[in-house]
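Please work through the exercises below with the sequence and the model at hand. Each task is followed by a stepwise solution.

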Amino acid sequence: MKAVVIHEAGGPEKLILQDVPTPQPRPGWSLVKVKGFGINHSEIFTREGKSPSVSFPRILGIECVGEVAESTTPALTAGQKVVSIMGEMGRAFDGSYAEYVLLPNEQIYPIKTSLDWKTLAALPETYYTAYGSMLKLQIRSSDKVLVRGATSGVGVGVAFACLLKARFPDVILHGSSRSANKAARLRDAGFDAVIIDQNGTLQTDEQYGRILELIGPATLRNSFDHIAERGIVCNTGLLGNQWYLNGFDPIMELKNDSYLTSFYSGLVNAERLNALFAYVDQYNVRVPIERVFSLSEVADAHRFLQSEHSFGKVIVLND
């Protein structure tokens, strides 16, 4: 089979398309024919050698959509439409940058949907993260909502806007950005206003009932300066490259009787995945895709995602 293999850490040029043996099913594992997958920043970090637990050579890829090719469990049948995300896929074992991927049975999630492969390939990880965060925020139609870090190349902010506005078109939705250059694109994605984020400080006096924090601990304190009475902040991202909120005092810093929650895309279960696909179907959610690449163009996909032009979801489709 064809696969994109990385033999040593480095730039996108280290992602090499080559022929490798097709994995053979073994007890507890099944073979999935990969129809498509998204490109994620965590894969870029791994490619650059920033994932110490990952050894090379490795086939990267932390998500995929496809069909069961061969299975070792009656719960999965050949031809069944499935999704897999996270776990140790593309890290401890080879991932989805290939025509086929061998996965643990418990990490393969059957789905029932009429969505096409292109749309499906854009949903795992990015839309799952946005959907899980939206559930945690318990948004009502009367809420004013802020997405902190809405213009990040990971696409979660855009996905969140598409999911939210499909169900609550009248919700007031603001997005923060370090630059006004992407304001028009945010408005096209469903945001009602853009707030400039300067040196970790929002340039506004607005307060919000719900805040999706994608920058993370680096700006979390400032987000609480803008939370309304009994509001909710969901910390989902780590774009600020700060993992911890040092010296955090919840008694003093959870202002206005507010609440702090979080979501992590590694919290995967079949029920929530299928609920996401049903939600997209039910509310006719728009799923914008920034660029579509082929398996032979994975290196180009990495270059694009790291460029200043990246804004939304980048996917790869297999023929």
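The structure is a predicted model, in which local features need pLDDT of at least 70, side-chain atom pairs count only at pLDDT 80 or more, and totals for chains, interfaces and linings use all residues. Residues are numbered from 1 along each chain as its sequence is written, and side-chain values use heavy atoms, with hydrogens and water left out.

**Exercise 1. Determine the strand order of the open sheet and identify the strands at its edges.**

Step 1. Helices (H or I, at least four residues) and strands (E, at least two) are DSSP runs, numbered from the N terminus. Two strands pair if DSSP finds at least two bridges between them.

Step 2. The open sheet consists of 7 strands in the order 11-10-9-8-12-13-14, with mixed pairing.

Step 3. The edges are strand 11 (201-202) and strand 14 (259-262); each has a single partner strand, so one side of each lacks a neighbour in the sheet.

**Exercise 2. Describe how strand 12 is joined to strand 13, and state which strands helix 3 lies across.**

Step 1. Strand 12 (residues 208-213) and strand 13 (residues 227-235) run parallel and are joined by 5 bridges.

Step 2. Helix 3 (residues 126-137) lies across strand 12, strand 13 and strand 14, at about 155° to strand 13. Axes are lines fitted to C-alpha atoms, for helices over the stretch in contact, and angles run from 0 to 180 degrees between N-to-C directions.

**Exercise 3. Which residues make the nonpolar surface patch, and is W243 buried or exposed?**

Step 1. L238, W243 and Y244 make a nonpolar surface patch of about 420 Å². Patches are made of residues with over 30% relative accessible area and no salt bridge; nonpolar side chains (Val, Leu, Ile, Met, Phe, Trp, Tyr) are joined within 5 Å, like charges within 9 Å. Areas come from the Shrake-Rupley method with a 1.4 Å probe, and for residues only the protein chains shown count as cover.

Step 2. W243 is placed in the loop between strand 13 and helix 7 (250-253).

Step 3. W243 is exposed, at a relative accessible area of 65%. Buried means under 20%, exposed over 50%, and partly exposed in between (1.4 Å probe, protein chains only).

**Exercise 4. How many salt bridges does the structure hold, and where do R58 and D94 lie in the chain?**

Step 1. There are 14 salt bridges, each defined as a side-chain nitrogen of Lys or Arg within 4 Å of a carboxyl oxygen of Asp or Glu.

Step 2. In the pair R58 and D94, the closest N and O atoms are 2.9 Å apart. This pair links distant parts of the chain, 36 residues apart: R58 is in the loop between helix 1 (41-47) and strand 4 (63-70), and D94 in the loop between strand 5 (81-85) and strand 6 (100-104).

Step 3. R58 is buried at 11% relative accessibility, whereas D94 is partly exposed at 33%.

**Exercise 5. Locate S51 and list its contacts beyond four places in sequence.**

Step 1. S51 is in the loop between helix 1 and strand 4.

Step 2. S51 is buried, with a relative accessible area of 10%.

Step 3. Leaving aside neighbours within four places in sequence, S51 contacts (heavy atoms within 4.5 Å) F45, T46 and R91.
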